[in-house]
Each structure stands twice: as C-alpha cells, then as structure tokens.
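Subject: Structure for you to look at

Hi,

Here is the structure I promised to pass on. Have a look at it first, and then read my notes below.

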Amino acid sequence: MRTDTDIVVGVTGSAAAFKAVSLVSRLTKEGKRVEVVLTPAALKFVGCASFEGLTGRPVLSDFFTHQEQPIHVRLAGRARCLLIAPATAATVCKIAYGIADNLLVATALCFHTKPRLIAPAMEEQMFSGGPVQRAIRLLESDGWRIIGPVEGRLASGKIGKGRLAEPDMIVKEVLSSLEGEAEA
C-alpha cells in the first residue's frame, strides 16, 4: 500500500520538544516522508519553520485551519506510522482515555491498524505516578510501542528516569516498525 506520508510525527509541549527537530531531520535523511503535528503547548517550545523546512510540508496544529476536513481522519488514513515524541504526561493520559481535545490526540485515536509509537518525556515523579503508569499500560495493551523514557538529566536539573530517549534510538524503533508493517 503506497501512501503520500510515511510518518506523522506528533510533538507535545515538553522541554524536550527541541529534540523533535533532530528526529524529523533524521527521518527525512532516511528518505521518509514526514508530516508534523504540533499541540498548542508544543508551539510554546518550538516553531513551525524548522519542521516545514525539513519536510517541505506545512505544520499542522489545529482542526480548523486546513482545507482537508476532517484532517485527523485523513492524516491517519494516508500515513503508514505515527510517532509522538516527546509525549507529555497529559498527552499520554489523553490518548489512553480517548480525550481528543487537540489535533494530535484526535489523530492518534484514528490510528488502529498501523504502527503507533510514543516516547514519553517528563519529570520522574510524573512518569512513575499511578495515572501515567496506568495510561502507559493501557497504551501497551492497545498495541502502542513505548520508547523510553531513559535515565538522565531532566528539565528540573535532577537526574532521573523521564528523559526523552535519544533521537537515534527513536529513529531505529520507527524504522523497525515500518519494516514490520511492510512485511505484514
């Protein structure tokens, strides 16, 4: 099945959002066609210009400024894979419980039969807490591949498990998922 997008990359409002630019750059260097969806909070951390320059496509950030409606259904229909990196606690929980209050979460809820990967990034206390751990288990039971987080320096300056996995590791997981999808 040929689509016009290989990967939808979702970026959330995390201090690690700047690493998503590197992720998108690496994926495009691998020859992948990427579309980027930013949450409203992500726009506080990163701008659209870098992503648009790397992908040659406009960044998507809300339901209502696009000619294609419903944009979230069309994104899920035309892409081979969804990656959300970094994923905040709010986004992890919203996807797990079906709270589609932004374009990224609504798009995620439309992906069912294609690879879905999520790379959490948050303070260790948030990641290890009950709500996020329950949401992670729900996502895993629904077929999501969870990438990280890893131990390292967090936005607070503390060392702990909550740091976004390195872009090379995430890209490797995405490419592996696409290979598996092509074989299926």
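One term before the rest: I call a residue buried under 20% relative accessible area, exposed over 50%, and partly exposed in between, using a 1.4 Å probe and protein chains only. Keep in mind that this is a predicted model, where local features need pLDDT of at least 70, side-chain atom pairs count only at pLDDT 80 or more, and totals for chains, interfaces and linings use all residues. Residues are numbered from 1 along each chain as its sequence is written, and side-chain values use heavy atoms, with hydrogens and water left out.

Now the sheet. Helices (H or I, at least four residues) and strands (E, at least two) are DSSP runs, numbered from the N terminus, and two strands count as paired if DSSP finds at least two bridges between them. Five strands make an open sheet with parallel pairing, in the order β2-β1-β3-β4-β5. The edges belong to β2 (34-38) and β5 (145-146); each has a single partner strand, so one side of each has no neighbour in the sheet.

Strand β3 (residues 79-87) is mostly covered, with nine of its nine residues buried. Five bridges connect β3 in parallel to β1 (residues 5-11), and four connect β3, also in parallel, to β4 (residues 116-120).

Two helices lie across β1, β2 and β3. For these, contact means heavy atoms within 4.5 Å; axes are lines fitted to C-alpha atoms, for helices over the stretch in contact, and angles run from 0 to 180 degrees between N-to-C directions. Helix α1 (residues 19-29) runs at about 155° to β3, and helix α5 (residues 103-110) at about 135° to β3.

On to the charges. With a salt bridge taken as a side-chain nitrogen of Lys or Arg within 4 Å of a carboxyl oxygen of Asp or Glu, the whole structure has nine. One of them joins Glu35 and Arg57, at 3.1 Å from N to O. This pair links distant parts of the chain, since Glu35 sits in β2 and Arg57 in the loop between α2 (48-55) and α3 (71-78), 22 residues apart. Glu35 is buried, at 6% relative accessibility.

Another salt bridge is Arg145 to Glu173, with the closest N and O atoms 2.8 Å apart. Arg145 lies in β5 and Glu173 in helix α8 (residues 167-183), so the pair ties together parts 28 residues apart in sequence. Both ends are partly exposed: Arg145 at 31% and Glu173 at 26%. Asp101 and Lys94 also form a salt bridge, at 2.9 Å between the closest N and O atoms; Asp101 is partly exposed at 47%, as is Lys94 at 22%. There is a network too, linking Asp6, Arg33 and Arg80.

Lastly, which residues form a nonpolar patch on the surface? They are Tyr97, Ile99 and Leu138, with about 270 Å² of accessible area together. Areas come from the Shrake-Rupley method with a 1.4 Å probe, and for residues only the protein chains shown count as cover. Patches take residues with over 30% relative accessible area and no salt bridge, joining like charges within 9 Å and nonpolar side chains (Val, Leu, Ile, Met, Phe, Trp, Tyr) within 5 Å. Leu138 is in helix α7 (residues 130-141) and is partly exposed at 31%.

Cheers
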